[in-house]
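Please keep the sequence at hand while reading.

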Amino acid sequence: MASAVQCLVPAGDICGEGAVWHPEHAALYWADINRFLVHKYSTRSSATESWLFDEPVVSVNLTTNPNLLLLVMATRITFWAPITHPRTSTIYHLPTAPSMRFNDAKVDPRGSLWVGTMRNNVGDEGENLNVEFSGGVLYRIDPNGSVSEWMDGIGISNTLAWSPDRSTFYFGDTIANTLYAFAFDQDTGTISGRRPFLAGYERGLPDGSAMDSEGYLWNTRPNAACLVRIRPDGSIDRIVTLPTLKPTTCAFGGSDLRTLFITSARSPDRLSGSLFSLRTDVPGHPIERFRMTSSINLSPNK
């Protein structure tokens, strides 16, 4: 069973998101979308650092270079090293920006980045915009620079995860209240055979997720103050009640991958916008890293 939920960092995020555990740094990185921030929580010191960017950051990802992180921002995808902040090296610009923006993203077992889009609901000053959520696209961005589209007609792209045996890819549309499962071909990086995995679940809506070593998906449910652990057959294994209304995503970390870190968005409860954690009986499945190649241009942006 999972342990009690703890508040690690009362960060006051408007929309905490995009969390990733960095084993070499013994730290969790995550973003506050509306404040254009990236945070780092060190498990060695229990201290938190924050960096400010010129547009929203929506997802933080590891690369095969431990000193470089791959940031998914509202309009672009860029490499970033905390030690050289704010210098970044952009490898892709979203052609449909600013009407659309990037959202959730993860790296697949082949070292490619999968990232979904949504209607842009964040203004120039970080304010929430009233938009109709439609027209999102799921992209795959390969280390050689090629970009391909795999799904369209998405409301809000959320949850990207792979089963431990690398045969199944999970992806969600928050507006449709549906998590999908696809067959994943690890030789070619293609997905096929889309089917509902968890659809119409009555507690909240699906946001970000993390995969554990047993192949169970942990999915945050904003507006329901909980996260759920989902069996590979799509049934609910357990429900974990959280001390905040709007959990947004989760990531396994710690030296044994048995700490589940949970970000959150602002809501009326006192601890909203905080980073939470709980210890789990099952470790997380190690995440993948974007594969660095010699063809990648690391020249800083102008």
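Burial is expressed here as relative accessible area: buried means under 20%, exposed means over 50%, and partly exposed lies in between, with a 1.4 Å probe and protein chains only. The structure is a predicted model, in which local features need pLDDT of at least 70 and side-chain atom pairs count only at pLDDT 80 or more, while totals for chains, interfaces and linings use all residues. Residues are numbered from 1 along each chain as its sequence is written, and side-chain values use heavy atoms, with hydrogens and water left out.

The protein has 24 strands and zero helices, where helices (H or I, at least four residues) and strands (E, at least two) are DSSP runs numbered from the N terminus. Its radius of gyration is 17 Å, close to the 19 Å that the globule rule gives for 302 residues, so the protein is as compact as a globular protein of that length. This radius is taken over C-alpha atoms, and the rule is 2.2 Å times the number of residues to the power 0.38. Along the principal axes, the C-alpha trace spans about 50 × 45 × 40 Å. Of the 302 residues, 57% count as buried.

E17 is buried yet has no salt bridge, and K106, the nearest side chain of opposite charge, is 7.0 Å away. A salt bridge requires a side-chain nitrogen of Lys or Arg within 4 Å of a carboxyl oxygen of Asp or Glu; Lys and Arg count as positive and Asp and Glu as negative, whereas His and the chain ends are not counted. Beyond its neighbours within four places in sequence, E17 is in contact with residues including W30, I33, N158 and D207, contact meaning heavy atoms within 4.5 Å.

The whole structure holds 16 salt bridges. One of the pairs joins R76 to D54, with the closest N and O atoms 3.3 Å apart. R76 lies in strand β8 (residues 76–80) and D54 in the loop between β5 (48–52) and β6 (57–62), so the pair ties together parts that are 22 residues apart in sequence. R76 is buried at 11% relative accessibility, whereas D54 is exposed at 59%.

R238 forms a salt bridge with D281, and their closest N and O atoms are 3.4 Å apart. This pair links distant parts of the chain, since R238 is in strand β21 (residues 236–241) and D281 is in the segment after β24 (275–279), 43 residues apart. R238 is buried, with a relative accessible area of 13%, and D281 is partly exposed, with 35%. Through shared partners, salt bridges join D212, E214, R229, R231, D237, R238 and D281 into one network.

The backbone remains to be described. Most residues other than glycine have a negative phi, and most peptide bonds are trans. The peptide bond from H85 to P86 is cis, with omega near 10 degrees, and P86 is found in the loop between β8 and β9 (88–93). The bond from A97 to P98 is also cis, with omega near 5 degrees; P98 lies in the loop between β9 and β10 (100–107). F36, although not a glycine, has a positive phi of about 60 degrees. F36 lies in the loop between β3 (27–32) and β4 (37–42) and is buried, with a relative accessible area of 12%.
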